Amino acid sequence: MAESGHAEFDPDEGPSAGRDNHAEPGFRPYHHPAAGWGAAKSVTRFLAREGEGITGPRAILKMNHEDGGFDCPGCAWPDDMKGLHLDICENGIKHVAWEMTHKRVDREFFAAHTVTELSRWSEFDLENQGRLTEPMSYDPATDRYVPISWQEAFELIGRTLRELDDPNQAAFYTSGRLGNEPTFLYQLLARELGTNNLPDCSNMCHEASGRALQAALGTGKGTVDLEDWETTDALFILGVNAASNAPRMLTALVEAHKRGAEIVHINPLVEAAARRAIIPHDFLQMATFRATPTSSLNLQPRIGGDMALLRGMAKAVLEDARSNPKALDIEFIDRYTAGFEDYRAICAATSWTDIERQSGVEVADIRKAARVYCDADRSIVSWCLGVTQHEHGVDTVREIVNLLLLRGNLGREGAGPSPVRGHSNVQGNRTCGIDHRPTAAFLDRLAQVCGIDPPRAHGLDTVSAIDGMQAGRVKVFVGMGGNFAIAAPDTAYTFEALRKCELTVQVSTKLNRSHLVHGKRAVILPCLGRTEKDEQRGGLQETSVEDSMSMVHLSKGMKKPASPHLLSEPAIIAGIARAALPASATPWEYYVEDYDRIRDTMAQVLDGFEDFNRRVRLPLGFRIRQPARELVFRTPSGRAEFSAAALPDLTHEPGTLTLATMRSHDQWNTTIYSDNDRYRGVKNLRTLIFMNADDMRERGLRQFDEVDITSIARDGSTRSLHKYKVIPYDIPPGCAAGYMPEMNVLCAIGDFSTQSDQPIMKNLKVKVERSA
């Protein structure tokens, strides 16, 4: 872990390095509807900037299309169940156009720029150079990447893996963009090699959700589908910035309001999606500029105060039940749950004073939300990283389940828990074997079907993998997609850890920071994008993805590859595997020839994937069975489990604030499209901090004053960012917010949840002072 002390991030090699500081920053609170003409104009400008005026619109007509289209590589929101052909959004279009750019990063580019020079470029400038075209290897003598053949690259990687003293000296990271078939091959490679070191982006986002739902319901996933969203009476949306992170949710919110459903948003910031929206494919709305409300009630808890607010709602429900027997579903509780009396007792013992103090929301407003919940016959609770990236994230998700169980909101239409996954196939990655803590049953089936002897000990997650690299225990890091170097916490510590590796391998479509923060040896392996045709010996191939509501469907690229030298992810994984495991009996080449063969094997290993090849070709694919949806609970008691955790103490020392990191609107994960954040009214600025106006006055600060932000870790060490501009914002007192990945430096490697092992990127203790 990081030693106690004071660490400062070097701006010359960080995510904001090289930024154009000449554009004048601006801020004007946003009061317009989400989506609508603002989104249409933004997309038009973006396509024009990227030179995709013709190809871009063609792609739009194929994206999320049930007959032969490709799945959006952005968020994991489900495709429209009615087969709507314009099931698209602003960020999805930008993401696709960003991938389909005509710009190229070839050997001439690398010959012209050293790694030291490129390290000073911003994240935008790096990715804006275009698509990678051929394998490259780092040459320390010239400080440049130089061409390397695929065979030479595979042999270098394979030889390094073979020469390790222990297979656990390698770590295999996965981002959420990897399809199900390559995911299965990737975990098979790691386990046949002999390690469960499979860190992934779930370790940084929804690990808390999976652990909580597994403990409470016996499944690591939500139980609802899109049809439930279309029939529910009440939606409770916690810690979600839907207009930016899951924009297609706006359609569901608008339709819910139109049919009379109640919509309660719970978030420290009142985001654009929590007010009103115009859906771009609703031509009448667009023509008349008529916006639809997307909320009935907005509550702003302090950062991390969701659990206390939920406890207050449950307490109100239980108090109402004293005079209104229908407030509780006693029959459901008696038949299907365990631990109710303990939970009732802790709700009674938790005072309204503590609930109000820890949530930051007045009791009267909490009771309003509880009244909405009690009046609804069917309710869905949905949440995202605003709930999970805290020390108490698991307990908070368990509290969501507690609230749902009180009124039997499980196992019936229009009701249940609904986590909002971020990246397009992050849930599919976990389903298909990317798990550093695999179950014995999964490993048994993998051994039986694939004829390997998989390791049984738990592997490393994201935080422990970084610590392992720092300590020299992890010598090889393979990144399958993503931008690990700046997505991870404690940026300076992570950079140092990666540089200690003997070899780093990045499978990527575009140039990013992780190629520049590398080991002693480094290889870049360029892969096909999801929009591109994947031709193998067996013909044009398709891969499958799983959305956040457990629907699995095929995705087929439509565009000619950006370079003839690109390989598909299955082909890259097979090439590494054959070089690292020359005696392997796994038919790697046979799998790559026809992905149906991978799916046939997956059907024998994975629960819910039986008859995979036939079912995935059904219209809209198929939904993986969720036992908890059928009121079958694979828990020790065989019932849904109430939890009775104490409320966390969220009070902070005088002079400190609780800071949450988040994305801007013109950003997707670590990909930054511009320095604008339309829905928060920000223009030409990312190095900022949003603060409550009273907190600013206490420090003598005015809009755009420059401040230094210093985080205070659990071990007492500090980390700082300098000369950030402060912006007054509607956020609870004592709270602040700013953008990742720039602010990831503030999250110490040791500041992770003891419940989920996730970095607590939305609960950082910071001091804000005027810059010298």
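Biologist: Where is the place of L688?

Modeller: This is a predicted model. In it, L688 sits in strand β30, which covers residues 688-691.

Biologist: Is L688 buried or exposed?

Modeller: A residue counts as buried when its relative accessible area is under 20%. L688 has 0% relative accessibility, so it counts as buried.

Biologist: Which residues does L688 touch, leaving aside those up to four places away in sequence?

Modeller: L688 touches V682, Y724, K725, I727, A737, G738, Y739 and M743.

Biologist: Which strand pairs with β26 in the antiparallel sense?

Modeller: That is strand β34 (residues 764-770), joined to β26 over three bridges. There, T658 stands opposite K765.

Biologist: How many residues of β26 are buried?

Modeller: Six of its six residues are buried, and the strand is mostly covered.

Biologist: How many residues of strand β17 are buried?

Modeller: Five of the five residues of β17 (residues 476-480) are buried, so the strand is largely enclosed by the rest of the structure. V476, V478 and M480 point one way, F477 and G479 the other way.

Biologist: Which strands are joined to β17 by bridges?

Modeller: Strand β8 (residues 170-174) runs parallel to β17 and is joined to it by five bridges. In that pair, A171 stands opposite F477. Strand β18 (residues 503-508) also runs parallel to β17, again with five bridges. Here Q506 in β18 is the bridge partner of G479.

Biologist: In what order do the strands of the open five-strand sheet stand?

Modeller: The order is β13-β10-β9-β15-β16, with parallel pairing. The edges are β13 (297-299) and β16 (416-419); each has a single partner strand, so one side of each is left without a neighbour in the sheet. From one strand to the next the twist averages 15°.

Biologist: What is the bridge partner of L238 in β15?

Modeller: It is W383. Strands β9 (residues 234-238) and β15 (residues 379-383) pair in the parallel sense over five bridges. Helix α12 (residues 249-258) packs on the sheet, touching β9 and β10 (262-266), and its direction makes about 135° with that of β10. Helix α14 (residues 306-320) lies across β9, β10 and β13, running at about 155° to β9.

Biologist: At what angle do helices α17 and α18 pack?

Modeller: Angles of 65 to 115 degrees count as roughly perpendicular. Helix α17 (residues 352-359) and helix α18 (residues 363-375) pack at about 95°, with axes 10 Å apart. The two helices are therefore roughly perpendicular to each other.

Biologist: Which residues meet where α17 packs with α18?

Modeller: From α17 come W352, I355, E356 and S359, which meet V363, I366 and R367 in α18. By class, this contact has four nonpolar, one polar and two charged residues.

Definitions and conventions:
Residues are numbered from 1 along each chain as its sequence is written. This is a predicted model: local features need pLDDT of at least 70, side-chain atom pairs count only at pLDDT 80 or more; totals for chains, interfaces and linings use all residues. Side-chain values use heavy atoms; hydrogens and water are left out. Axes are lines fitted to C-alpha atoms, for helices over the stretch in contact, and angles run from 0 to 180 degrees between N-to-C directions. Helices (H or I, at least four residues) and strands (E, at least two) are DSSP runs, numbered from the N terminus. Angles under 35 degrees count as roughly parallel, over 145 as roughly antiparallel, 65 to 115 as roughly perpendicular and the rest as oblique. Contact means heavy atoms within 4.5 Å. Ala, Val, Leu, Ile, Met, Phe, Trp, Tyr, Cys and Pro count as nonpolar, Asp, Glu, Lys and Arg as charged, and the others, Gly among them, as polar. Buried means under 20% relative accessible area, exposed over 50%, partly exposed in between (1.4 Å probe, protein chains only). Two strands pair if DSSP finds at least two bridges between them.
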